[in-house]
Amino acid sequence: MKRRTLLAGAAALRLVAVIRPASAQLREMRMVESGGKSGESIDVGYAAPFTAKTGIRLVRESPGNLGKLQAMIASGRITAASFELGSGTMVQARKLGLIEKLDWAAINPMPMFPEAKNEFGFGYQYFSTIMAWRKAAKAPQNWVDFFNTKDFPGKRAIPDYPAYAIAFALLSEGVPQDKLFPLDVDRGLKKLLSIRRDISVLWKAGAQAPQLLKDNEVQYAIAWSGRVVEEPDLAYSFNGGMADLSFICTVKGAPKAEQEAMNKLYYEMSVPENQAKAAGVIAYTGPSPALDPLLPKDKIGMFPTAKANKDVQWVQNAEWWAENGESANKKWEEFKLSL
Amino acid sequence: MAAILAERRHGFGFVTPLLVVMLAAFNLPILYMLALGFWSKQGGFTTEHYAALFDAPIYLRVLANTLRISVVATLVNVAIGYPLAYWMRGLSPRAQFIAVACVITPFWISILVRTYAWIVVLGNNGMVNRLLQWTGLTDAPVSFLYNELGVMIGMANVLLPFLVLPLFAAMLRIDDRLMQAAASMGAPPRTIFLKVFLPLTMPALASGALLVFILCLGFYVTPAILGGGKVPMISNLLDFLINQIPRWEQASAVSTILLVVTLLIFAAYRALDRKVGA
Amino acid sequence: MTDIRLEAISKHYGAFKAADNVDLAVAQGEFVTILGPSGSGKTTLLSLIAGLNQPSTGRILIGGRDVTGSSPQQRNVGLVFQSYALFPHMSVFDNVAFPLRVRKTPADALRRKVMAALELVQLHGLAGRRPAQLSGGQQQRVALARAFVFEPDILLLDEPLGALDRKLREELQVELKQLQRRLGVTTILVTHDQEEALSLSDRVMVLDRGQVQQIAAPQEAYLRPANRFVADFLGIANFVPLPGGREGVIRPERIRLAAAGGLPAQVVEAVYLGQIIRYHLTAEGRNFVAAAPFVGQPHAIGDTVSLTWVEADVWPVA
Ligand SMILES: Nc1ncnc2c1ncn2[C@@H]1O[C@H](COP(=O)(O)OP(=O)(O)OP(=O)(O)O)[C@@H](O)[C@H]1O
Ligand SMILES: [Mg+2]
């Protein structure tokens, strides 16, 4: 009995040895990201050149959320070196000490937009929250039109995320883009409530918005840009849209070798040619100011960072949401109950 | 005899450590979660997370909404499931097999696929609405989805097997001769059903309904999609508290209240069951 | 009260005939027993009379009224099922009260009648129990009480005493007979127990494979069986050749064992049954059973004896 246990133990040790080769020779590295086309674009744009240069394979895992990251740190078993986080959740993760500070000198990236070069994360992917509508419906020019349900009749679908919905209501009330924050949540919700009869769906999954439009369940929607720009039946406008960033962050306590490898991956993510390849998979763009000329001419209007689009948008204030998200969410739940 | 007993105790002794480990492994996370609700950021015991709940009772209102939806969904399930099981009982064994297969199939289809399938069927441009408009029954599409009705339909579809299968099994076990006996004593069909058949299926009905109710409380995907996000449920709230802004303490307090409510309902069921059984 | 007539009743299950062209007339207040091997259609007949099942062909008349096709509720029949069919979710009291409640009997009368019925089957102490808390015999008695408590016109009993021990069974047989006489209720009993059949009934009906073999008074059927099947099924039969190639049946107690002068036979087995002793014998390659009073020195196995009988005691069978 004892003997068998010992043998089993020895076998287990050997197994561990196989899984974790000497840290000198890193063969693969894990990343938790949001999956789908976005994950594919990481493979095509960044993992491919990274693996070609270093011989390290990037294994993707999805989906991820803050709870999963927190559980990973709490359990002490760091199974992934990097984690994709939204701008707001990255601030939370930073406050909770779940992610490493980045060594930008070691990364030595090519030029990038300043908001993407965060102390704790690499803003690798811009995505916009914009208005979209069925081509058959009357086209709104701005958020005032979008919230004018009398002259622009039709059902609306809006995100079931306060951070992606409330600000647009304030824009329709005439609040200028640069004066949105601190956000007047009560005023925004009041505006939303005023059109509650026309709000048909609060969507949770990004794919819902285009589907609802195509099914004619709603005629207007607030949607994530990458989900609507390539739909032939739908029209969209970046005017007054919100640019936001997805970040890749290094997980707190990841092995040194993996952290160093991550720096090399971050560098690949800053190369505009690589970003252009990623944008070929999904209509979201990387943080390089030099990206526009590399993008296909006929599709330039689809991308969040194309000059014409970036100029008419405003950038999400993740810090404000990290501070006020919970109280705003309470009000959001209240709003939903009174719909 | 004594030897056998001793041996049995001995055999049990072998598995006891395993049982202890399993109990601990299954319950430790729950205990940890419960404890979290009383843990202050500075360390030490606190009731602030509960106090916060009662100060701004919106989370409790969501909980109440969840309970209400679950009760209605359970009743809808019973209203559909009981007659369905009753009808299946009267079928030939072959037809019963087919019926059971039909009831179980939803189990094998991903809940997400099933939920989206309802959109295809019940949407404004869906099959049902097109049929209704084609036959001239309505001129505008009927809103089946993105309201509580949609949530009910989706929940009934997902949860019906949990009610129908135990109920059907219980009904099959009822000896036909009991109903015949009642008939021979002059009872009309209504009396036979109310006094003989229904009471005999009551335990299965009650436990099936309880199961459905508890599953309803944890529903996530269906209310989010078929309810158009306008039917707030506690699980969506918990997702927010755990995954969007990690307020695990707050989530723990909400879950604890949910757990207590569920246990109270279960206790009420047990008390009722015992009273009926006595 | 009520008489029963079955006219050319058949019940088919596919090609199988559970009842095959059965004719039976039971007079008002009469006690008829149905006897037959397992699967011969006894329960089937009872369920047809009770209306739980409808005949494939034929008519059923109760009290002169054609009830073919009518529901059980319209027949006022008390029925004891072979499997008791007690309601498991009700107490003994509520089980017995069930038919009275259906008839909207007032509470005090209901209570009185239920307790009287339970007393009759000696269960008044167990009124509060559930069927699952009773022995098989107790359950049968509850079923019995439930069947007669509402004073039905007809009592149909499907082996109602089968699970009881001998003493209780004999007691209840007497009770049943008295009850039946007092209520004057037309009764059909199904039983496997021949003694029960012979002692209780005015007439017996022997069934085989759904077909009536004989309907007659018990002694008549015993001594003058209609055919070989009845002869064999009721009691023990000795078959003896008759002139003209026919066969006759003679009962064991009508065969005498003498020292000489009859058919020489050898004792194969001797079974002591209290007052009588039963001999199994062989003579001329045939088996015989003879019953003799247990007096004097019995014959031993291997003894040679001589069998004699009176010619009139031999009844010719087909
Ligand atoms: N619903 C049915 N379908 C097919 N066959 C049936 C059905 N009910 C009874 N039978 C058949 O009819 C025959 C008579 O059955 P029945 O129950 O009347 O027998 P029984 O004489 O009461 O036997 P036992 O002494 O074993 O109770 C049996 O062969 C039985 O298998
Ligand atoms: Mg039978």
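The model is predicted, so local features need pLDDT of at least 70 and side-chain atom pairs pLDDT 80 or more, while totals for chains, interfaces and linings use all residues. Residues are numbered from 1 along each chain as written, chains are lettered from A in the order written, and side-chain values use heavy atoms, without hydrogens and water.

Me: What makes something a nonpolar core here?
Reply: It has to be a set of buried Ala, Val, Leu, Ile, Met, Phe, Trp, Tyr and Cys residues joined through side-chain atoms within 4.5 Å; buried means under 20% relative accessible area, exposed over 50%, partly exposed in between (1.4 Å probe, protein chains only). The largest such core has 109 residues, and Phe98(C) and Leu118(C) are among those touching the most other members. Helix H7 (residues 148-173) of chain B gives the most to this core, with 12 residues.

Me: Which residues does Phe98(C) touch?
Reply: Contact means heavy atoms within 4.5 Å. Leaving out residues up to four places away in sequence, the partners of Phe98(C) include Met185(B), Val196(B) and Phe87(C).

Me: How do you know that the length of H3(C) fits a helix?
Reply: Helices are DSSP runs (H or I, at least four residues), numbered from the N terminus. The expected span is 1.5 Å times one less than the number of residues. For the 14 residues of H3(C) (residues 107-120) that gives 20 Å, and the end C-alpha atoms are 20 Å apart, so the two agree.

Me: Why say the buried residues of H3(C) share a side?
Reply: They are Ala109(C), Leu110(C), Val114(C), Ala117(C) and Leu118(C). Their arc is only 160 degrees around the axis, so they sit on the same side of H3(C). The face turned away carries the exposed Asp108(C) and Arg112(C).

Terms used
Helix = DSSP H or I, 4+ residues; strand = E, 2+ residues; numbered from the N terminus. Arc of directions from axis to C-beta.
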